[in-house]
Amino acid sequence: AGVATLADTTPSPTDPRLRLWRGDITTLATDAIVNAANSQMLGCFVPCHGCIDNAIHTYAGVQLRLECARLMTGQEEEPTGNAKITKAYNLPCRYILHTVGPIISGAVTQANRELLASCYRNCLRLASENGCHTVDFPSISTGIYHFPLDQAAQIAVREITAYLADHPEITRVRMVCFDSRTRAAYAAALAAQRAKAEEKAAREALLERIRNGAVTPDDRTSLREIEQVAFGKAPSSKLLRDLGMEATPEKAHALLLKLGVWDNQVDPWPAR
Ligand code: AR6
């Protein structure tokens, strides 16, 4: 009891270093856990409050509040999206990364999304700079700050995956989901990411088969289907050559449309 192993986690289908786990972040022996803080960065002051900031400060001990106060000397507020690092005192992890997520009131704006993304990026950057290999995130901003859970999950999964792709020094990121609703939202975000990755891979493989003149009977069927789409103009001869489809411009045009190389609204062929 009270001990979590990797066997308890669900790996991301696109990068097994990213995992989901349902539980309490203050129990984890890891290099760094992330705190969803407020802009004062001194911890929650509401007794018995259910927020993560309160749990982390309670279990880390009062020394954490003192270190935070020292870090905030001469600084009134921590900007949203930034991150600071402290020791973890009585917690079993080595460090705490404190970040302030965006507060949502009304519709989510692009600025809100970018700030949430930068919370994840800045925490991971700080983790790398401080020699951390394993990092555990809560679902930032989706509690008291009211960021819609599904959108927040997509942003978190996207940012963490993108960071991992360029940073092999981070060997494991765990998304710690406190309740089943949060767990379900992050599982759905991972599934959506996998579907997107599979679609992209399938598209690239089809393009490759066309270039190599190795179109399969299944490809032919889908090509026939898309030939039914009406086209006004023909694609450029260079693109056709690149696709190895010089003889059938309509097919190439239709195929590229289907492959999402351009969308229907945009004229892909400026006057030649
Ligand atoms: N372990 C993991 N996740 C937790 C834990 C825990 N022990 N406790 C809560 N969560 P919130 P916010 C989840 O409200 O929305 C504070 O008062 C929780 O279920 O803690 O970023 C700060 O001082 C939810 O999924 O953070 C700020 O004022 C997620 O953590 C404000 O709350 C975030 O919920 C920050 O709001």
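**Exercise 1. Find what share of the protein's contacts with a separation of 6 or more comes from residues 24 or more positions apart, and describe the protein as a whole.**

Step 1. A contact means heavy atoms within 4.5 Å, and among the contacts with a separation of 6 or more, 66% are accounted for by residues 24 or more positions apart.

Step 2. The model is a predicted one, in which local features need pLDDT of at least 70 and side-chain atom pairs count only at pLDDT 80 or more, while totals for chains, interfaces and linings use all residues. Residues are numbered from 1 along each chain as its sequence is written, and side-chain values use heavy atoms, with hydrogens and water left out.

Step 3. The protein has eight helices and seven strands, where helices (H or I, at least four residues) and strands (E, at least two) are DSSP runs numbered from the N terminus.

Step 4. Of the 272 residues in the protein, 44% are buried; here buried means under 20% relative accessible area, exposed means over 50%, and partly exposed lies in between (1.4 Å probe, protein chains only).

Step 5. The protein exposes about 14200 Å², of which carbon and sulfur atoms supply 54%, with accessible areas taken from the Shrake-Rupley method with a 1.4 Å probe, and for residues only the protein chains shown count as cover.

**Exercise 2. Determine how the buried residues of helix α1 are arranged around its axis, and what they pack against.**

Step 1. Helix α1 spans residues 52–60, and its residues Asp 53, Asn 54, Ile 56, His 57 and Ala 60 are buried.

Step 2. The packing partners of the buried residues of α1 are β3 (32–37), α2 (62–71) and β5, and α1 is followed by Gly 61, whose phi is positive, near 105 degrees.

**Exercise 3. Locate the residues Tyr 89 and His 146, and give the phi of each.**

Step 1. Tyr 89 lies in the loop between β4 (83–87) and β5 (95–100), and its phi is near 50 degrees, a positive value in a residue other than glycine. With 23% relative accessibility, Tyr 89 counts as partly exposed.

Step 2. His 146 belongs to the loop between β6 (134–137) and α4 (149–166), and although it is not a glycine, it has a positive phi of about 60 degrees. His 146 is exposed, its relative accessible area being 55%.

**Exercise 4. Count the aromatic pairs and work out the geometry of the rings of Tyr 120 and Phe 137.**

Step 1. Rings of Phe, Tyr and Trp (its six-membered ring) pair if their centres lie within 6.5 Å, and planes under 30 degrees apart count as stacked, over 60 as edge-to-face and the rest as tilted. By this rule the count is one aromatic pair.

Step 2. The ring centres of Tyr 120 and Phe 137 are 4.8 Å apart and their planes are at 40 degrees, so the pair is tilted.

Step 3. Tyr 120 lies in helix α3 (residues 110–129) and Phe 137 in strand β6, so the pair ties together parts that are 17 residues apart in sequence. Tyr 120 is buried at 0% relative accessibility, and Phe 137 is buried with a relative accessible area of 0%.

**Exercise 5. Follow the salt bridges of Glu 129 and Asp 136.**

Step 1. A salt bridge is a side-chain nitrogen of Lys or Arg within 4 Å of a carboxyl oxygen of Asp or Glu, and a search of the whole structure finds eight of them.

Step 2. Glu 129 forms a salt bridge with Arg 125, with the closest N and O atoms 3.0 Å apart; both residues lie in helix α3, four residues apart, about one turn of the helix. Glu 129 is exposed at 52% relative accessible area, whereas Arg 125 is partly exposed at 34%.

Step 3. Asp 136 meets Arg 172 in a salt bridge (3.4 Å, N to O). Asp 136 lies in strand β6 and Arg 172 in strand β7 (residues 172–177), so this pair ties together parts that are 36 residues apart in sequence.

Step 4. Asp 136 also meets Arg 174 in a salt bridge (2.5 Å, N to O), and both Asp 136 and Arg 174 are buried.

Technical notes: The arc is that of the directions from the helix axis to the C-beta atoms.
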